[in-house]
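I opened my notebook to look up a few things in this model.

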Amino acid sequence: MKIIGISASARKKQSTHFLMEQCLQEASSTAERLEKSLDVELIDLAPLKINGCIACGKCKKAVLCSQEDDFQPLIAKLADPEIVGIIIATPVYMGCMSAQAKAFIDRTVLFRRNGFMFKNTLGGAIAVGGSRNGGQELSIQAIHAGMMIHDMIIVGDGDHFGGAAWGSHPDGYKNDETGINTARNLGKRMTEVACMMHK
Ligand SMILES: Cc1cc2nc3c(=O)[nH]c(=O)nc-3n(C[C@H](O)[C@H](O)[C@H](O)COP(=O)(O)O)c2cc1C
């Protein structure tokens with residue numbers, strides 16, 4: 001079993017990346033507690049150049065994309081049958097997910113067009129905003145919408161929608177205990193559900 005975490009911030013190793021790390025760490029600890037084998041991998045989109053989909057239609061015939069950008073190497077990685085869950089973390093940009101997150105999600109359409117390859121894969125989302133209530137929930141739900149288009153199975157943090165954090169916490173984002181806990185609980189919940197599904 002493998003869970004992939006996508007950090008979809010424009011900035012390398014800042015709050016979005018930190019929350020994704022927290023989430024995946026908790027996923028790993030939960031698997032250990034449940035005595036299950038789980039690999040986790042964090043893919044940071046910040047250094048990558050991923051364009052929006054250009055609707056060329058190439059992927060209607062095969063799992064191929066016409067755009068020669070940094071999404072190409074991700075195609076084989078995301079097609080790995082060991083993947084049981086995909087978590088996308090985004091900063092809130094203008095009340096919703098980042099352009100990086102949206103471009104990534106749009107480009108995954110090739111998996112849908114070739115037999116719904118993400119069907120029954122677990123999906124979860126994390127959003128971090130500069131304000132405490134700056135659009136985290138809408139961003140999470142917008143990511144969930146893309147996941148539902150893939151016929152993925154959405155999981156939350158066992159309480160609400162997933163990871164919702166405050167990047168400009170007065171004590172720094174690494175001290176936003178409430179937000180960190182939601183991200184960690186999402187990792188825990190996804191691993192628990194994955195273990196139930198893949199006995
Ligand atoms: C273009 C842009 C738009 C933003 N819009 C919002 C917003 O609507 N709501 C909000 O709470 N924060 C907003 N922010 C702040 C970021 O969500 C916040 O700083 C976040 O922690 C950045 O993630 P990072 O540390 O991974 O870069 C915006 C930041 C940028 C660059």
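Which way does α1 pass α6, in a left-handed or a right-handed crossing? I looked, and α1 passes α6 in a right-handed crossing. I noted the rule: a crossing is left-handed if the near helix is turned anticlockwise from the far one by less than a right angle, and right-handed if clockwise.

**Ground rules**

I am reading a predicted model, where local features need pLDDT of at least 70, side-chain atom pairs count only at pLDDT 80 or more, and totals for chains, interfaces and linings use all residues. I number residues from 1 along each chain as its sequence is written.

**Entry: the helix pair**

I wrote down that two packed helices are described by the angle between their axes and the distance between the axes. Helices (H or I, at least four residues) and strands (E, at least two) are DSSP runs, numbered from the N terminus. I found α1 at residues 15-33 and α6 at residues 177-197. Their axes come within 7 Å and cross at roughly 40 degrees. Axes here are lines fitted to C-alpha atoms, for helices over the stretch in contact, and angles run from 0 to 180 degrees between N-to-C directions. Angles under 35 degrees count as roughly parallel, over 145 as roughly antiparallel, 65 to 115 as roughly perpendicular and the rest as oblique. Therefore α1 and α6 are oblique to each other.

I then checked which residues meet. Two residues are in contact if their C-beta atoms, placed from the backbone, lie within 7 Å. On the α1 side I listed Leu19, Gln22, Cys23, Leu24, Glu26, Ala27, Thr30 and Ala31. On the α6 side I listed Ile180, Ala183, Arg184, Leu186, Gly187, Lys188, Met190, Thr191 and Glu192. The residues of this contact divide into nine nonpolar, four polar and four charged. For this count, Ala, Val, Leu, Ile, Met, Phe, Trp, Tyr, Cys and Pro are nonpolar, Asp, Glu, Lys and Arg are charged, and the others, Gly among them, are polar.

**Entry: the core**

A nonpolar core is a set of buried Ala, Val, Leu, Ile, Met, Phe, Trp, Tyr and Cys residues joined through C-beta atoms within 7 Å. A residue is buried if 20 or more other C-beta atoms lie within 10 Å of its own, exposed if 12 or fewer, and partly exposed in between, with C-beta atoms placed from the backbone. The largest core has 53 residues, and Ile3, Ile6, Leu19, Cys23, Ile87, Ile88 and Ile126 touch the most other members. Helix α1 gives the most to this core, with seven residues. I followed Ile6 and found contacts with Ile43, Leu45, Ile86, Ile87, Ile88, Ala89 and Phe104, not counting residues up to four places away in sequence.

**Entry: two positive phi values**

Most residues other than glycine have a negative phi. I found Asn120 with a positive phi of about 70 degrees. Asn120 sits in the loop between α4 (109-112) and β4 (122-129). It has 11 C-beta neighbours inside 10 Å, so Asn120 counts as exposed. Asp151 has a positive phi of about 60 degrees. I placed Asp151 in the loop between α5 (136-149) and β5 (153-154). It has 14 C-beta neighbours inside 10 Å, so Asp151 counts as partly exposed.

**Entry: single residues**

Ile153 lies in strand β5. With 20 C-beta neighbours inside 10 Å, Ile153 counts as buried. Leaving aside neighbours within four places in sequence, Ile153 is in contact with Asn120, Leu122 and Gly123. Ile153 and Leu122 are 31 residues apart in sequence and 4.7 Å apart in space, C-alpha to C-alpha.

Where is Cys59 found? I traced Cys59 to the loop between β2 (39-44) and α2 (72-78). Cys59 is buried, with 21 other C-beta atoms within 10 Å. Cys59 touches Leu64, Cys65, Val109, Leu110, Arg113 and Asn114, not counting residues up to four places away in sequence. Cys59 and Val109 are 50 residues apart in sequence and 8.1 Å apart in space, C-alpha to C-alpha.
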